[in-house]
Amino acid sequence: MSLGAVYWQMWRSGANTVRHFVVEQKLRGAAMVFVVGVVWALLSALFLGLLWFLGQDEYLALKARLLESLLALFFFTLFFLVTISDAVLVWSALFRTRAGAFQAALPLSDVQLYWAASVEGGFWAGWAVMVLVAPLVGSLATEAASPLLFVPAAAAVMAALIACCMAAGALGAMVLARVVPIIERRLRWILVTLALIAIAAGWRIAHGYAHAQPTQVLGDVIGRLRFAESPWLPPAWGQHALIAAKASRWGEWLHDIALLASTAGALAIAGETVARRRLRWDLDALAGRARVRGRRASRPWRLLPLLPRDLALLAAKDLRLFIRDPTQVMQFAMFFGLLGFYMLMLPRLGTAFQEHEWWRPVVSILNLTAVAMALATFTGRFVYPLLSLEGRRLWVLALAPWPRSRVVTAKLVFALMVALPVSVGLVVLSGTLLHLPPLVVAYQTLVIVGLAVGLAAGALGLGARLADYSQDNPAKLVAGYGGTVNLLASLVFSGLLISGAALPLILRAGPAIWALGVAWTLAISTLWTWAALRLAWRWFGALDRNPTLR
């Protein structure tokens, strides 16, 4: 009965949110529908374009095998992305939020607390997957043997895969509760180790496949993606079930669905068992342990160099809070780590297809777009909520001896300190693996710097204009109306900047075209950044205008 009350509260909260957007805030609801429609249109065009590309005469003989390999890589990445996201969400709901602490004080058992957080975390981690996969299913339905049966069969495959991700993520959250103290104490060495592993992997791929012959294209690509088709992993079962449904092999489809469902059930039972034995112990340990490192309770503040003292102090505060939260560091590493993995996969295709002179510029533009999308995800997840999360500390900022607009500038500095090194490094890695000229790599670096600055400023501008100072859960801020508008604005800015900046890479004409591309990049990024910062300074600097503070 107690667990049913928690589920009822989730249902009523969702129903009230839908009613709010449909009845009370129709414009905001229409904006969200528009955003989803734009995303579906772009993804559908991408998937249909890929199917058309693989249907050309030179690839038609191996189209089915290539499609299987690409779907296996897609499911492999999607599975671990959703599982890690769900683990972080469930861990936060159980051990870090005020709602979790309140529910722990209610007459609920450990298992009930576990299932309530698992269902809520699975919803937040899984709904976007269905939005992402819907265009893929629609595109594959155009080539399915029975399109009307393929669509519900594919929906069942995705539901079973998401259930498996939810169960694995919830179990991972319980494991995370045990390892978070270790991660906090050894975070610096863990990051250094991961960086060294990434550098070693990049060097191995850059030198190991630099002399691949074009005649080995398809065999090499399929062979190097074979790890994603391991029969011991759930993503391979999902990929195989989708291919079986496409070919109307319903016996194989049912077998793979049963594998996913049984695995999800086994993981759910394992997570429930761990929660029954460890949840209260871990909750008490995480809530009551002292944050002491070594013999000193805290380390002295070190101002960031080359900055005015007020900006250095505020940016150092945000940077320290970011590093101290292992979940934020893990999510950041997940976003850009998966992108780095993608970079190491896609240049292999570019190296293999060297007989097409236009292929390398096209792949470089795709890589640039992928980095832009990762930056948009980073600014939407980490930068947009920053100003709203200052709600309980606004009285401190109001009494501080500097203008409140400096807080906005300091958060821009913090966002660039975190995002620029990784994004620039990925662009340079992409250009190196594709053997692009140094001037082209420098030009793409300029483009990604303009994107990083513009996206961070846009997130802060909308974060100040649509701030909700009463909300302390960044996930709900990102998933709300303001986060949706910020996502749309990020897509518009990224598309506008890249569409003009990509012309020199495609045309490869004289110096005039390159100068035009540089001018376009500087003009668009400067205007967007200036307008967004003016908006942020105006609304965050005038707190009496915000309705949530009246």
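Which residues of α10 are buried? In the predicted model described here, local features need a pLDDT of at least 70 and side-chain atom pairs count only at pLDDT 80 or more, whereas totals for chains, interfaces and linings use all residues. Residues are numbered from 1 along each chain as its sequence is written, and side-chain values use heavy atoms, with hydrogens and water left out.

The buried residues of α10 are Pro234, Pro235, Ala236, Trp237, Gly238, Gln239, Ala241, Leu242, Ile243, Ala244, Ala245 and Lys246, where buried denotes under 20% relative accessible area, exposed over 50%, and partly exposed the range in between, for a 1.4 Å probe and protein chains only. The helix is thus mostly covered, with twelve of its 13 residues buried. Helix α10 comprises residues 234–246, and its end C-alpha atoms lie 19 Å apart, which agrees with the 18 Å that its 13 residues should span at 1.5 Å a residue; the expected span is 1.5 Å times one less than the number of residues. Just after α10, serine 248 takes a positive phi of about 60 degrees, although this residue is not a glycine. Serine 248 is placed in the loop between α10 and α11 (250–288), and it counts as partly exposed because its relative accessibility is 23%.

Over the whole protein, 21 helices and zero strands are found, these elements being DSSP runs numbered from the N terminus (H or I with at least four residues for helices, E with at least two for strands). Of the 550 residues, 47% count as buried. The accessible surface comes to about 27100 Å², of which 70% belongs to carbon and sulfur atoms; accessible areas come from the Shrake-Rupley method with a 1.4 Å probe, and for residues only the protein chains shown count as cover. Among contacts (heavy atoms within 4.5 Å) with a separation of 6 or more, 82% are accounted for by residues 24 or more positions apart.

The structure holds one cavity of 30 Å³ or more. On a 1 Å grid over the protein atoms alone, a cavity is a set of points where a 1.4 Å probe fits but cannot get out, and its lining residues have an atom within 4 Å of a point. Grid points are joined across faces, edges and corners, and the volume is the space filled by probe spheres set on the points. About 30 Å³ of space lies in the largest cavity, which is lined by Leu314, Lys317, Asp318, Glu390, Val407, Ala410 and Lys411. The elements that give two or more residues to this lining are α12 (309–324) and α16 (405–433). By class, the lining has three nonpolar, no polar and four charged residues, with Ala, Val, Leu, Ile, Met, Phe, Trp, Tyr, Cys and Pro counted as nonpolar, Asp, Glu, Lys and Arg as charged, and the others, Gly among them, as polar.

Helix α12 has 16 residues and reaches 22 Å from its first C-alpha to its last, close to the 22 Å expected at 1.5 Å a residue. Its buried residues include Leu311, Leu314 and Asp318. Threonine 409, found in helix α16, counts as buried because its relative accessibility is 18%, and it touches Leu311 and Trp537 when residues up to four places away in sequence are not counted. Tryptophan 539 lies in helix α21 (residues 511–541) and is buried, with a relative accessible area of 13%. Tryptophan 539 and glycine 461 are 78 residues apart in sequence and 8.4 Å apart in space, C-alpha to C-alpha.

Note on methods
On a 1 Å grid over the protein atoms alone, a cavity is a set of points where a 1.4 Å probe fits but cannot get out, and a pocket is an open set with protein on both sides within 12 Å along at least five of seven lines; lining residues have an atom within 4 Å of a point.
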